[in-house]
Amino acid sequence: MSGGVGGGSLGAGLPYHKFVSFALEETRLRTTLTPHPSQEKFKSIKPNDDNTVFNALSFSAPKIRLLRSLTIEKKNSFQVLDFAAFSEPEYDLPIFCANVFTTPTQSIVVLDLNPLYDTTVHKDYKDKYYRSIMPLVHKYNELLPWGGKITSESLKFFSPIVIWTIFESTEHNHHVWLELMDQAIKENNKATVARNQEEQHKYLTWRAEKDPGYPLLKKLIGESCAEDLVMEFLFEGVNTLGTKSFLDYFPEYARDDGSVSKKRSMIGKSFETRPWDTNGEFIGDAEAQ
């Protein structure tokens, strides 16, 4: 997958700030971006060593509650991209997500329009946002094979078009998300807006608790700064969009002492191959291990 506007695809050897610049340029063609309050606090993160560079940017717009990016580069070691866009609760838009971790030998990529509502349960939501873009999966499935096991708990936050692979990513899905944003109609029903907000809060709560990058952040900038970055920047809204805790949403992770289990999966199922067919229908029950 590739987009126009001077970006190229993400992969080993390409600085991720080029992808971020492309995404921001494309977004500014469609809406007005305003610096988000979180940007001021986190734009000058100081890592523990001189060989690592952090770059954090965050914005909001009329339909976008938060658009943020974090890039990390450690010289001759690794690069990280964590880019996401969250709509205002008046819109039930999927959450654009681009996560890439690159070493000199490979890139691990997750690129998706994360569904606000579980597409295995809410068929109307799946049809609304994914039916028309399922051809993306057909086009790139062979080029970007499934990257390995994903737990059933994590899978509910992925869409049928997710790219989870070892090596390459692209700007193309961000363009798709912008198209959806342009077409999105503001929801005026207060109950629906509240439900959208709770579903986004549920997503943020899961990601903040189970973020696989947290140990690396803690090593690079210390535990206190890492926790602030996760709660107030990467998943900003977890403390403001709702009051439910992780265990309120996911009680199966409760330990006897009331703490949260650190296990990645409580169900024990994982998927080694893409668990959706070419029409986006979930077929994972037959594939789970």
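**Strand 4 and the overall fold**

Ala84 stands opposite Cys97 in strand 5. The model is predicted: local features need pLDDT of at least 70, side-chain atom pairs count only at pLDDT 80 or more, and totals for chains, interfaces and linings use all residues. Residues are numbered from 1 along each chain as its sequence is written, and side-chain values use heavy atoms, with hydrogens and water left out.

Strand 4 (residues 78-87) joins strand 5 (residues 95-102) through seven bridges, and the two run antiparallel. Strands here are DSSP E runs of at least two residues, and helices are H or I runs of at least four, both numbered from the N terminus. Two strands pair if DSSP finds at least two bridges between them. Strand 3 (residues 64-74) also runs antiparallel to strand 4, with 10 bridges. Within this pairing, Leu66 has Phe86 as its bridge partner in strand 4. Strands 3 and 4 form a hairpin, with three residues between them. Asn76, in the turn, has a positive phi of about 60°.

Strand 4 is mostly covered, with 10 of its 10 residues buried. Buried means under 20% relative accessible area, exposed means over 50%, and partly exposed lies in between (1.4 Å probe, protein chains only). In a regular strand, side chains alternate between the two faces of the sheet. Phe78, Val80, Asp82, Ala84 and Phe86 point one way from strand 4. Gln79, Leu81, Phe83, Ala85 and Ser87 point the other way. Residues of both sets are buried.

The protein chain as a whole has 11 helices and nine strands. Its radius of gyration is 18 Å, close to the 19 Å that the globule rule gives for 289 residues, so the chain is as compact as a globular protein of that length. This radius is taken over C-alpha atoms, and the rule is 2.2 Å times the number of residues to the power 0.38. The C-alpha atoms fill a box of roughly 50 × 50 × 40 Å along the principal axes. Of the 289 residues, 52% count as buried. Among contacts (heavy atoms within 4.5 Å) between residues at least 6 apart in sequence, 65% join residues at least 24 apart.

Gln183 is found in helix 6 (residues 172-183). Gln183 is exposed, with a relative accessible area of 55%. Gln183 and Ile45 are 138 residues apart in sequence and 36 Å apart in space, C-alpha to C-alpha.
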